Amino acid sequence: MSLEDPFFVVKDEVAQSVSSVNALYGRWQQLFNDPQMRGNEEYEWSTNELRNQLRSIDWDLEDLDETISIVEKHPQKFQLDRNEVNQRKQFIANTRSTVREIRRQLNDAKSVAPSRSADGGARGAAAGSGGGGKGKGKGRGGGYDRYQKLDDELAAANDDMIGRQQQEQALIMEEQDDQLERVGKTVGVLKNIGQDIGRELEEQVFLVFLVLFWFVFLFFVLLEGVQGHFMW
């Protein structure tokens with residue numbers, strides 16, 4: 001049963017997210033480097049949007065870690081060599097490094113930005129933190145939904161294997177029942193044959209004793225006749 005490799009589905013989404021983050025990060029740097037723009041609404045929105053997208057990428061990278069774990073647990077189904085697995089791990093590590101660097105720049109900007117920007121950034125971070133639990137739960141749930149088909153296929157494969165084993169066991173038990181029935185019939189036939197042989201032996205023993213009896217009887221009759229002849 002062939003299974004679709006889930007890595008590339010998530011990897012494409014991560015690559016698109018990273019491209020979007022890089023574009024937004026470039027605009028954010030322009031706003032940050034302009035003191036007149038640093039505290040305006042676009043800057044605040046860009047900062048919060050960057051944090052949200054970075055958090056989303058973190059969850060997607062966790063999903064990619066899951067795909068690698070799945071592949072490593074079922075290497076015979078995906079037929080990947082160690083080099084391919086290492087390349088996937090390197091992609092995850094490089095993406096995490098990019099996310100870490102952008103997040104560091106955002107955190108460093110708090111100490112440089114004016115009070116309005118700092119207050120807005122704090123409110124944005126607080127809002128992101130307050131909604132992070134729900135967002136992460138939703139994001140993780142959505143991430144794991146990507147593997148629902150894979151989980152269903154693995155469960156179906158397991159059910160098929162169990163079903164085949166049960167069918168094989170049922171066939172074995174049926175064959176054993178048939179064999180026991182045939183053995184029982186054979187034993188019955190042998191019993192009847194034994195009884196017939198027993199009766200024939202009894203009859204033959206009776207005939208042997210009868211022959212012996214007549215032999216002894218005739219022997220004594222002849223012996224008596226011979227003795228009588230000599231007496232005369």
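Visitor: Is Arg 103 buried or exposed, or in between?
Guide: Arg 103 is partly exposed, with a relative accessible area of 27%, where buried means under 20% relative accessible area, exposed means over 50%, and partly exposed lies in between, using a 1.4 Å probe and protein chains only. Please keep in mind that this is a predicted model, in which local features need pLDDT of at least 70 and side-chain atom pairs count only at pLDDT 80 or more, while totals for chains, interfaces and linings use all residues. Residues are numbered from 1 along each chain as its sequence is written, and side-chain values use heavy atoms, with hydrogens and water left out.

Visitor: Which residue does Arg 103 form a salt bridge with?
Guide: Its partner is Asp 58, and the closest N and O atoms of the two are 2.8 Å apart; a salt bridge here is a side-chain nitrogen of Lys or Arg within 4 Å of a carboxyl oxygen of Asp or Glu. Asp 58 is partly exposed too, at a relative accessible area of 22%.

Visitor: And why do such pairs form at all?
Guide: Side chains of opposite charge can pair when their charged atoms come close.

Visitor: OK, how many salt bridges are there in the whole structure?
Guide: A search of the whole structure finds eight salt bridges. Helices, by the way, are DSSP runs of H or I with at least four residues, strands are runs of E with at least two, and both are numbered from the N terminus.

Visitor: What does Lys 89 pair with?
Guide: Lys 89 forms a salt bridge with Glu 72, with the closest N and O atoms 3.3 Å apart. Lys 89 lies in helix H4 and Glu 72 in helix H2, so this pair joins parts that are 17 residues apart in sequence. Lys 89 is partly exposed at 38%, and Glu 72 counts as partly exposed at 36% relative accessibility. Glu 72 and Lys 89 are also linked with Arg 82 in a network of salt bridges.

Visitor: Where are Arg 88 and Glu 84 placed relative to each other?
Guide: They are four residues apart in helix H4, and are therefore separated by about one helical turn; their side chains meet in a salt bridge at 3.1 Å, N to O. Arg 88 counts as buried at 3% relative accessibility, whereas Glu 84 is partly exposed at 21%.

Visitor: Switching topic, how many helices and strands does the protein have?
Guide: There are six helices and zero strands, and buried residues make up 24% of the 232 residues.

Visitor: What about the surface, which residues form the nonpolar patch?
Guide: Phe 206, Leu 207, Leu 210, Phe 213, Trp 214, Phe 217, Leu 218 and Val 221 form it, with about 810 Å² of accessible area together. Patches are made of residues with over 30% relative accessible area and no salt bridge, with like charges joined within 9 Å and nonpolar side chains (Val, Leu, Ile, Met, Phe, Trp, Tyr) within 5 Å, and accessible areas come from the Shrake-Rupley method with a 1.4 Å probe, where for residues only the protein chains shown count as cover. Phe 217, one of the patch members, is placed in helix H6 and is partly exposed at 42%.
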